[in-house]
Amino acid sequence: MTPLKYLAGYPAALQQQVRELIAADRLGTWLQQRYVEPHEVRNDRQLYDYTQALKERYLRQSVPLSKVIYDSRLQVLKHALGTHTTVSRVQGSRLKSSREIRIATVFREAPAPFLKMIVVHELAHLKESDHNKAFYQLCTHMEPDYHQLEFGLRMYLTHLDARPD
């Protein structure tokens with residue numbers, strides 16, 4: 001039985017259904033039917049504006065973002081799809097910190113709901129650093145279908161992983 005690294009925490013029966021879709025070469029078709037909406041966020045400026053709009057809607061009181069970019073090295077080096085970091089710099093006698101969000105470039109071509117899910121995930125880290133109950137409550141506040149989208153995204157990544165190069 002082939003391990004499904006993106007679905008490792010899910011029940012064996014669910015993983016078996018995904019394996020059957022892969023074996024029948026139907027996983028891509030299933031995903032296309034379920035997640036048909038593309039997005040127009042193609043460059044770093046558009047990604048910053050998209051993220052800032054979500055932040056203004058749900059997290060007005062949180063710290064400002066200095067940078068939001070697509071990062072082509074992210075998935076390989078960090079084993080993550082997005083990161084939220086605080087960068088501290090000394091300026092004179094003061095310590096200045098800035099917040100950055102980096103999103104894996106795989107989301108440039110991903111369906112719109114997956115981009116929103118990963119941006120919501122990284123924005124939630126502005127308030128909650130750990131993946132705890134409060135973190136996931138904040139994610140579902142910003143995107144009510146967060147958990148379903150996370151599962152769909154894991155299936156999408158499994159599909160990309162299963163495709164021949």
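A: Rings of Phe, Tyr and Trp (its six-membered ring) are taken as a pair if their centres lie within 6.5 Å. On that basis, in this predicted model, Tyr-35, Phe-114 and Tyr-156 form one aromatic cluster. The structure holds 5 aromatic pairs. Take Phe-114 and Tyr-156: their ring centres are 5.4 Å apart and the planes sit at 50°, so this pair is tilted. It ties together distant parts of the chain, since Phe-114 belongs to helix α5 (residues 112-124) and Tyr-156 to helix α7 (residues 146-162), 42 residues apart.

Phe-135 is buried at 0% relative accessibility, while Tyr-136, at 25%, is partly exposed.

Phe-135 also turns up where α5 packs against α6. The axes of α5 and helix α6 (residues 133-142) come within 9 Å and cross at roughly 135°, so the two helices count as oblique to each other. Their crossing is right-handed. On the α5 side, the contact comes from Lys-116, Val-120, His-121, Leu-123 and Ala-124, and α6 answers with Phe-135, Leu-138, Cys-139 and Met-142. Sorted by class, that contact has 7 nonpolar, 1 polar and 1 charged residues.

Note on methods: Residues are numbered from 1 along each chain as its sequence is written. This is a predicted model: local features need pLDDT of at least 70, side-chain atom pairs count only at pLDDT 80 or more; totals for chains, interfaces and linings use all residues. Side-chain values use heavy atoms; hydrogens and water are left out. Rings of Phe, Tyr and Trp (its six-membered ring) pair if their centres lie within 6.5 Å; planes under 30 degrees apart count as stacked, over 60 as edge-to-face and the rest as tilted. Helices (H or I, at least four residues) and strands (E, at least two) are DSSP runs, numbered from the N terminus. Buried means under 20% relative accessible area, exposed over 50%, partly exposed in between (1.4 Å probe, protein chains only). Axes are lines fitted to C-alpha atoms, for helices over the stretch in contact, and angles run from 0 to 180 degrees between N-to-C directions. Angles under 35 degrees count as roughly parallel, over 145 as roughly antiparallel, 65 to 115 as roughly perpendicular and the rest as oblique. A crossing is left-handed if the near helix is turned anticlockwise from the far one by less than a right angle, and right-handed if clockwise. Contact means heavy atoms within 4.5 Å. Ala, Val, Leu, Ile, Met, Phe, Trp, Tyr, Cys and Pro count as nonpolar, Asp, Glu, Lys and Arg as charged, and the others, Gly among them, as polar.
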